[in-house]
Amino acid sequence: MISYQVLKGDCYEVLKRLSADPEERGKYRLVVTSPPYYGHRHYGKDPHEIGQEQTAEIFIKKLADIFTICKDLLTEDGSLWIVIGDTRRRFGKLLIPHRLALKLVDRGYTIREDIIWFKKNNVSSSAKDNFSQAYELILFLSKGEKSLANMSSMRIRGNEAREGRNKTPPRHMVQYESINRDKNRIEEIKEIIRNAKPDTNFNELPTTGEIARAYGYDPEKYCPTCYRKFKRHATRKRIGDHKHYPIFAVCNPAGKNPGNVWDISTKAHYGNEHFAIDKFNIFDILKRFLRDILFILLFTLVIQVSIVS
Ligand SMILES: C[S@@+](CC[C@H](N)C(=O)[O-])C[C@H]1O[C@@H](n2cnc3c(N)ncnc32)[C@H](O)[C@@H]1O
């Protein structure tokens, strides 16, 4: 059930009012926003409009002041997600997203991720000496050191499986967990492999099948995440010093953590030339990532949204 309330006005003033109410403080698990980008476009004639400040520093400070109020409204495990692009002055980039991120760290946030939003269908740069801007950033910040994150709802298959390089194995040939792991045998194997020299003959080393079995996996069975046989998860020898490398690495059977490059193409907005990320793509991702949430959407209007699944 989704319910929402629209709070119209300058978001700084609206948030100030909201945070003045003790009931509202520490109540929201998520703030999602796409502020105006510095010096990109005029949206209207509102004197509070953000984006056209004298200097980038003033622009960044204004946003930081807004997000500092948001921090008071967030739950202890809450997070702030900012879709923000950079600005170029002649040939130089102002690094606005990262300067804002550093400013927010000064204000007590933790930078959890600077996700690259890759736009395959990016618009070609009109300047002949500049690369076309094919990405923007989605800054993921948490109020505390950690924030609620339901990564398991976003796990993906391994690269080889996703790209079809490894065929989907028959269901009965997939093994999801270790069976009868043999600690003593593992220690023996580690000892042999770690004392091996680069010129040690392979047949003096345990086979990859023996390693897989010691860890409790049938070497001929397949991993549910990358679709490789478990004997291919074993490593007997590595170039150079390899003491810290695992000799047997298993993928998370629930899938691989998704990457921090999100390939989401832009869409034209209502027929005009404003090519923007379809915010609902991000919502869908965050809804899965955060489950039941009460959140604030900034910078259209301030919208309070509650999603209780
Ligand atoms: C990048 S757009 C975001 C558009 C919107 N999220 C959407 O999906 O259409 C930035 C928006 O911030 C609004 N804006 C600019 N200054 C503002 C302020 N002080 N308070 C609230 N909104 C503001 C602009 O009018 C514009 O609609």
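## Surface, strands and salt bridges in a predicted model

The protein has an accessible surface of about 17,700 Å², of which 53% belongs to carbon and sulfur atoms; accessible areas come from the Shrake-Rupley method with a 1.4 Å probe, and for residues only the protein chains shown count as cover. This is a predicted model, in which local features need pLDDT of at least 70 and side-chain atom pairs count only at pLDDT 80 or more, while totals for chains, interfaces and linings use all residues. Residues are numbered from 1 along each chain as its sequence is written, and side-chain values use heavy atoms, with hydrogens and water left out.

Of the 309 residues in the protein, 42% are buried, where buried means under 20% relative accessible area, exposed over 50%, and partly exposed in between (1.4 Å probe, protein chains only). Seven helices and twelve strands are present; helices (H or I, at least four residues) and strands (E, at least two) are DSSP runs, numbered from the N terminus. Among contacts between residues at least 6 apart in sequence, 70% join residues at least 24 apart, a contact being heavy atoms within 4.5 Å.

### Strands

Strand 1 (residues 2-7) contains Tyr4, which counts as exposed because its relative accessibility is 60%. Together with Ile2 and Val6, Tyr4 makes a nonpolar surface patch of about 330 Å². Patches are made of residues with over 30% relative accessible area and no salt bridge, with like charges joined within 9 Å and nonpolar side chains (Val, Leu, Ile, Met, Phe, Trp, Tyr) within 5 Å. In a regular strand the side chains alternate between the two faces of the sheet.

Strand 2 (residues 28-33) is mostly covered, with five of its six residues buried. The chain passes from strand 2 through helix 2 (residues 56-73) to strand 3 in a β-α-β crossover that is right-handed, meaning that, with the strands pointing away from the viewer, the path from the first strand over the helix to the second runs clockwise. Strand 2 pairs with strand 3 (residues 74-84) in the parallel sense over five bridges, and two strands are taken to pair if DSSP finds at least two bridges between them. Within this pairing, Leu30 has Ser79 of strand 3 as its bridge partner.

Most residues other than glycine have a negative phi, and most peptide bonds are trans.

Cys251 is partly exposed, with a relative accessible area of 22%. Leaving aside neighbours within four places in sequence, Cys251 is in contact with Cys223, Thr225, Cys226 and His233. Of these residues, Cys223 is 28 residues from Cys251 in sequence and 7.2 Å away in space, C-alpha to C-alpha.

### Salt bridges

Across the whole structure, a search finds 18 salt bridges, each being a side-chain nitrogen of Lys or Arg within 4 Å of a carboxyl oxygen of Asp or Glu. The table gives examples.

| Pair | Closest N and O atoms |
|---|---|
| Glu57 and Lys103 | 3.5 Å |
| Arg185 and Glu210 | 3.9 Å |
| Lys190 and Glu187 | 3.8 Å |

Glu57 forms its salt bridge with Lys103; because Glu57 lies in helix 2 and Lys103 in helix 3, the pair ties together parts that are 46 residues apart in sequence. Glu57 is partly exposed, with a relative accessible area of 38%, and Lys103 also counts as partly exposed, at 23%. Glu57, Lys103 and Arg99 are linked in a network of salt bridges.

The salt bridge of Arg185 with Glu210 ties together parts that are 25 residues apart in sequence, since Arg185 lies in helix 5 (residues 183-194) and Glu210 in helix 6. Arg185 is partly exposed at 24%, as is Glu210 at 32%.

Lys190 and Glu187 are three residues apart in helix 5, and are therefore separated by about one helical turn. Lys190 is partly exposed, with a relative accessible area of 25%, and Glu187 is partly exposed with a value of 47%.
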